[in-house]
There are 2 protein chains.
Amino acid sequence: MSGVDGTERSPIRSVAVVGLGLIGGSLARRLLPAYDVVGVDADGATRRDAAAAGLPVAASIAEAVDGRDLVVVATPLPALDAVLGAVAEAARPGAAVTDVTSVKVPALAAARAAGLGEGVRWVGGHPMAGVERSGFESSDLALFDGASWVLCVEEDTDLAAWLALAEVLTGLGCRVVPATAAAHDAAVAGVSALPHLLACALAEVGVAGGPLALALAAGSFRDGSRVAAAPPGLVTTLCDGNRDAVVTALDAAIARLAGARDALRGGGSVRPLAVAGGDARRRWDGARAGERRSTVDIDIGLRVRLAALAASGGSVTSVGRTTVDCLWPVVTSGDDSTCVDPGRGRA
Amino acid sequence: MSGVDGTERSPIRSVAVVGLGLIGGSLARRLLPAYDVVGVDADGATRRDAAAAGLPVAASIAEAVDGRDLVVVATPLPALDAVLGAVAEAARPGAAVTDVTSVKVPALAAARAAGLGEGVRWVGGHPMAGVERSGFESSDLALFDGASWVLCVEEDTDLAAWLALAEVLTGLGCRVVPATAAAHDAAVAGVSALPHLLACALAEVGVAGGPLALALAAGSFRDGSRVAAAPPGLVTTLCDGNRDAVVTALDAAIARLAGARDALRGGGSVRPLAVAGGDARRRWDGARAGERRSTVDIDIGLRVRLAALAASGGSVTSVGRTTVDCLWPVVTSGDDSTCVDPGRGRA
């Protein structure tokens, strides 16, 4: 055990996964060899499929959650209020509770409404993986390999619970990205909600072109419209639950497309958009090209260090007893590369 | 030899490829084992790379084209006028000439301006493959495996030249899709130009979200913005060369995105767009699920049959001495599946 901000940290040994869809099912199966895992789902067929796949399955949330170190709530956002209420009643004092919904401000509000954060410790989470399939039958042991998994750090987040959960997820090969719920929601509006809405618009307009368009649609249409096939409920949650930020992202995208259209109409060219889009995409490709590692002490300065990591888009790659390994993006601008922080890390 | 509309058809044995970028380089290398192939490129380094890869390389267009059965012009659209002029001067009487540019109405106009169609037979072409890379160094023997390759059929197209070229391309494993230049350009506005412009808008807006957005961008952003990395010149040709149809496609996409934004602003939901986009994408997936084959006689009715195939989004999969094998999409609507034509085929 190691003290963090005055809180004791115990490693997580037992986990309840509430909701065995794509994310919950994949996570429960992935954790099973190393942890004492139990799953539960409101749907009887899903419970039977999970049991047939070798997963211990409980009959109720109360039975699943009882005495567990960690509760992962992997239900859709609309069910979160009710499920978190049941979890808060049944969880043991000191248990950590997390979720996997795609918008974090509403999830934080639901957790506060359920009374989590007092005795039972809430850490909002969001794995950046696999939205276009659903259900336990799509669950996949490799779903989280190398994925980014956001764990929210608010001003009052219990860092011992955060670290314990980060230890589990980095142990699965995830990069754990610290962020406030508000910063997360602003960022995903542009890189997650927007691509889903663009994919839907593309699918509709492309297919409206008739049989020849269907026949000629190739790689650019296939990849551009891929996530249009995501369950409408997930896309709706992603957008309706993050209203203001998604409106801002849509406004920005529409402005660029209308600019290209107006240029074409006036005898001009789409070239400025093509150049700017290519530059932006290469900047994203480049953001992963160079990264620097540092090791950060788990001490009373950890909260400030995680905030710096969040601001730079960095991640935690492993959690030890007294230190945390961090990855800081090297941002390239023009000729010289600069590393955003690692400054105050130990190495 | 087999008479088609009064024209003799001779199989193609010798091919000149003018322009050895991604498409021309890949095609020349792919044809090399079975055909007498020569390539030519305006760029000396490309000529040296091609020669080093074992490709016979000519010093000039005139030398490359002289006496060849087929000339494939694989230069960008802006160079087409000049190159087609040089090809028309050097090509032997009866030679077939095709191109690979992404818009077919301007290419047809360039061919007519160069005097092709009188003695030298023009067939506009467009392989639906590989826009986001470029250059001979990216050339790939597998680039056209299973790809759709449009060969234009206008009212005055020489069907013997069309069939000879279709025989070469189906022999490489391509599906040859007949279409008029105008129908092609209308269809690709929605399924090719539009995805490129949406990808560029997505890349710009997503990356503007800063380091955290860069870090959280995952599968939906990666696939949705992939073709933003295409050479700006290709995207510009695709859109500026197909101005009216691309404006129409952009208008339709912007209307859908603005509808979703206005719904969000007014307290409503993006759900209608999510549902419609999912339905459209599944319709595209389904369009390939069921297909029917038929064999069509090469006789004086061929032009009408190719027009029916074009209207249904079908393709030619092989060309024999007296027959053509066709693939007709089975369009699913509601519960029953109907095959668009094959009606008058032999089987």
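Chain B and chain A bury an area of about 7,800 Å² between them, 70% of which is given by carbon and sulfur atoms; buried area here is the accessible area (1.4 Å probe) that two parts lose on being put together, summed over both. The structure is a predicted model, in which local features require pLDDT of at least 70 and side-chain atom pairs pLDDT 80 or more, while totals for chains, interfaces and linings use all residues. Residues are numbered from 1 along each chain as its sequence is written, chains are lettered from A in the order in which they are written, and side-chain values use heavy atoms, with hydrogens and water left out.

The contact draws 90 residues from chain B and 90 residues from chain A, contact being defined as heavy atoms within 4.5 Å. On the chain B side, B:L216, B:R281 and B:W284 lose the most area to chain A, together 9% of what that side buries.

Over all chains, the structure holds 4 aromatic pairs. Rings of Phe, Tyr and Trp (its six-membered ring) are paired if their centres lie within 6.5 Å, and planes under 30 degrees apart count as stacked, over 60 as edge-to-face and the rest as tilted. One of these pairs, A:F221 with B:W284, is edge-to-face, with 5.1 Å centre to centre and 75° between the planes. A:F221 lies in helix α9 (residues 219-224) of chain A and B:W284 in helix α12 (residues 271-287) of chain B, so the pair joins two chains. Helices are DSSP runs (H or I, at least four residues) and strands likewise (E, at least two), numbered from the N terminus. A:F221 is buried, at 0% relative accessible area, and B:W284 is buried at 6%; buried denotes under 20%, exposed over 50%, and partly exposed in between (1.4 Å probe, protein chains only).

Within chain A, helix α5 (residues 104-113) packs against helix α7 (residues 181-207) at an angle of about 150°, with the axes 7 Å apart. Axes are lines fitted to C-alpha atoms over the stretch in contact, and angles run from 0 to 180 degrees between N-to-C directions. α5(A) and α7(A) are therefore roughly antiparallel, the term for angles over 145 degrees. A:K104, A:V105, A:P106 and A:L108 of α5(A) meet A:A181, A:A182, A:H184 and A:D185 of α7(A).

In chain B, B:A147 occupies the loop between β8 (125-127) and β9 (148-152) and is buried, at 10% relative accessibility. The C-alpha atoms of B:A147 and B:G173 are separated by 7.6 Å, although the residues are 26 apart along the chain.

Conventions: Parallel < 35°, antiparallel > 145°, perpendicular 65-115°, else oblique.
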